[in-house]
Each structure stands twice: as structure tokens, then as C-alpha cells.
Amino acid sequence: MAEVNSIPKSSIGLDTVGLKNLKSEFWNLSTPALYEEALKRNEGVVSHLGPLVVRTGQFTGRSPNDKFVVEEKTNKDKIWWGKVNRPYKEDKFEELERRMSSYLQGKDVFVQDCWCGADPEYRMPVRIITQYAWHNLFIRNMFIQANPEELENFEPEFVVIDCPGFHANQEVDETNSDIFILVNFEKKKVLIGGTEYAGEMKKSVFSAMNFFLPLKNVMPMHCSANIGPKGDTAIFFGLSGTGKTTLSADASRTLIGDDEHGWSNNGVFNFEGGCYAKVIKLSPEAEPEIYDTTRRFGTILENVGIDMTTRRVDLDDGSLTENTRAAYPISHIPNASRDGKGGHPENIIFLTADAFGVLPPVSRLTPEQAMYHFLSGYTAKVAGTERGVTEPQATFSTCFGAPFMTQHPNVYAELLGEKIARHEVKCWLVNTGWTGGPYGVGHRMKIAYTRAMVNAALDGDLENVSYETDPIFGLEVPQTCPNVPEEVLNPKNTWKDKAAYDDQAKKLATMFNENFKQFEEQVSEAVRKSAPGA
């Protein structure tokens, strides 16, 4: 069996996960070498200035309905079973794994041994085995690279096998379709098949961190994080499309990471070594740091339009999907942290893209309100993030990341509440969604205004201004903010039809209250009273 272009690899081989009789194993290839392998296999094309442009085929977003968690005795009682974590039989997992291993015999595979977690005390050694070279480059970009000395003795704690060419038999395997994402916490393994969307690998590892870290009293978070000039850390919770990546990539602050972090007794640390940003209609003026990554060697551009004659990309082209993406190493951001760590946060910002257009663009939260909105996780699913979503839809995603929460939401809420109290963290709710009316009538909040409001909150400029309490949502809304017109701060003032605003606000308040019924018995009275209209 040939081994090509390899650097030091672990003595723990692929036979330990049942992969045998492979054609070639490509271990820990460099970025240029993975480019070469991807081009040799016609997996993508090189665009002007160097990014690798790829297509993800039929699936241009995550497939949450195809994810299952193996129901096994060891961890059965720790899982938040339901729509997010649907049980899968152990014997079905074993059979599908056996067939996947047979499928890979005689084929090339690519391996990356890497770290998830920048804090050495809590990082997880992860092995990702992929059928595609560009998927391996994606992983090399997204996670933290191990050095040659670490690779020689690398012992993975969690393994992902990613095989887009292998499909499930829906009837035999009892899956939802012919694609699958199967998580087995006892075997510490994930099997992915039938989909070329690389984000499934990233989120599978995140799901693992969400399971294991709370057992060590560490809070896993679906958030971005950065550090100000004075050393103050801020974290931004939010689902895809709400602005986590955009708002944390600020030239005046040091980026820790854009999507996944842990909060331990040591402070905040990035899970990843790269960023995965939406780039549809990306503006060089509003988002210069991210825009520049789309013109760099090493960046992967997923489903981005490209002129095959000039090889120039068109970031405005959404013909394949609105969920066009750039995956790049965090070192492509000039002001990014090199160690991926920060102190305990001084500010927490909850981001929501309110499709109803009624939430204030910025509001100050009490600790109890912070817990309420963390458990609620209100936002709008943005077009393209998941299959079948073609326009924003109001949704509640607990902990601002329900698809990746493997334990019960109360586990994460209690961890967050304890840390907010201990470190006296200031909390804010920021609406990056619609103003002047709901989706279809109003328009998205200007990024420049949102940045100004976020910067004012982080810099302390909202400490001594006057506030008014929103009569429906009970939120404390600042009446002035530097570089933001006063009428923008009160959403009702931006609507021509004030009665229509009241109707929409009451409608959303009712949705909040209906959704929160599932948590009412597990939270304090003070948190319950943080509900709209309470």
C-alpha cells in the first residue's frame, strides 16, 4: 500500500477503526499538497488569486433530519432525546459501519490528526478520515493543527469518517434518507455518508464537545469571541446568519474565533483554528477582513459563482445557494489571536435576526433575562443554511444552537448562569434582523449601525445613557447611542403602521411564551418573569 506526501503519522493506524485494504493513505498533507490532490481528482478549480472553488452537490447546507445519536447504555441517560437527538440502534450502526468500511476498500483516504480546543487542559485529539481531498483541506483549515512531534504519538479520542460516496439503504438502515450523520458517544465515533457538505464534519465534532465538556464543568458555546484593546473579552451567541462571524471580525479587536468556544475556569478558548463564514453578497467596505480571505490561497469557497474563463469569483452569485461559504485558517484574519484564548468575558451579546422586525436593535439584559433569552434562542433561519429554507423563518433554537446540543438545555443554562454571576458579566440582546417592518416589508438593519451599537456596549458608552423599558418585551432600550440615529433605537418608530407593529409584537410575544413552556418547571421564578408581558 502506497503512502504519498506524508509527514509524521501516529503509530495508531486506521485498522483500529476497521479500515483495511485501502489503496493509499494520505496522512496530514499540507495545504498545497491537498490542493494538488483535489485538482488531480477534479474536486474543484483554483480561482483568481488562489482560493479553491468547490461544489457540494445536491446538499448545500446541513441536513438536521438525517442526524442520529446511537442509543447505548453508557450515555443513554445523559442525552437530550427528541427531535434534535433521535435515537439510533447500536446494531444498525455496527452494520452500516461494516458496509462503509467495505466500500472504502481499494480507495484512497485522507487523514488529518488535529486538536479541537485551544486550551491544552481541555482540548480533544480528533482524527478526521475523508474520502475527498478538499474535505481534508476543510478540516485542516477548521481545526488546530498538531505539530510533527505531537503527530508521532497522536492518540485520537474522537474519530469522524466522512464518505460522501457511500449512501445508506433507507429501509435496511432505518435512516431518514440515503444520507446519514450517526454519532456514537460510547465508541467516540461519527459516520457521515451521502452528503458532500463539509460543514457536517465540523458540527459533528462540536456536538461531541457539547457532550463531553459539561462533564468537566466547562461551558461549550455556539458563539464567536474577541478581545478589545484593554484586554476585555466579549462573546457573541447566535445561529448561522445572525452575524457571529461578521461582528466578531472587527479591525479594532482581536478575534479569538468565529463559531465555537469553551468557557472554563481558565477563561474562554476557541475550539477551532479556522473560520467558516457566509460570503453571499459580501461587502469589502462592511466586512473587509472576511472579504480579503476570499482572495487568499488556502481558502475554500463553497458553491460560490465563478467565471470559468477568467477564474474570477462572483460573491453576489446565489444561483446555487444563498449559503455560499468560505472556509479559511484563522491566520488569514490579520488581527486574529494566535493562541485562541481569552480571559473571562466582560460582555455577552445574544444575536437574533428578528424576521418580525419588532425587537429593539440593542437592549440591556438582566441576568434573569439573559437566561430567558439563552434558553429561548429566538432568531430566524436564514435562506440556505439548511436544506429547504429559501427565506427567513422565525424559529426558537435553545442555547442558540439546539441542533448541536447533546445534553439537556438546562445543563448549559445552569453552567452559563453560574459563570455570569461569578464574573459579573454584562449581557445584551442585539437584533441584526429586520427594521421598519417584517421580512418582505422592512429591511435588514445596516451593519454599520449594528457595529456602532455593539462597539458602544463593549466600550462602556451605554453605561450612563437613559433607558426606557419596552412595554411588550420588558427589555431596557437605550435612548441614545453614538453614531446611530435615535429613531432607529426604537423599532416602533421605524414602522409607518404603528398598529401593525403592535400586532406583530404581540404575535412574537405569544410565540416566546408558548415556546418557553417547555422550560418553565426547570427555571426560577425570576427567569419566568423575564418573559414578554410577564
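Threonine 31 touches Leu137, Arg140, Phe297 and Gly298, leaving aside residues up to four places away in sequence; contact here means heavy atoms within 4.5 Å. This is a predicted model, where local features need pLDDT of at least 70, side-chain atom pairs count only at pLDDT 80 or more, and totals for chains, interfaces and linings use all residues. Residues are numbered from 1 along each chain as its sequence is written, and side-chain values use heavy atoms, with hydrogens and water left out.

Threonine 31 is buried, at a relative accessible area of 16%. Buried is under 20%, exposed over 50%, partly exposed in between, with a 1.4 Å probe and protein chains only. Threonine 31 sits in helix H1. Helices are DSSP runs of H or I with at least four residues, numbered from the N terminus.

Now the helix pair. H1 covers residues 31-40 and H3 residues 133-142; their axes come within 8 Å and cross at roughly 155 degrees. Axes are lines fitted to C-alpha atoms over the stretch in contact, and angles run from 0 to 180 degrees between N-to-C directions. H1 and H3 are therefore roughly antiparallel, a term for angles over 145 degrees.

H1 contributes Thr31, Leu34, Tyr35, Glu37 and Ala38 to the contact, and H3 contributes Ala133, Trp134, Asn136, Leu137 and Arg140. By class, these residues are six nonpolar, two polar and two charged.

Last, H6, residues 199-212. H6 has 14 residues and spans 20 Å from first C-alpha to last, close to the 20 Å expected at 1.5 Å a residue; the expected span is 1.5 Å times one less than the number of residues. H6 is mostly covered, with 14 of its 14 residues buried.

How values were computed. Helices (H or I, at least four residues) and strands (E, at least two) are DSSP runs, numbered from the N terminus. Angles under 35 degrees count as roughly parallel, over 145 as roughly antiparallel, 65 to 115 as roughly perpendicular and the rest as oblique. Ala, Val, Leu, Ile, Met, Phe, Trp, Tyr, Cys and Pro count as nonpolar, Asp, Glu, Lys and Arg as charged, and the others, Gly among them, as polar.
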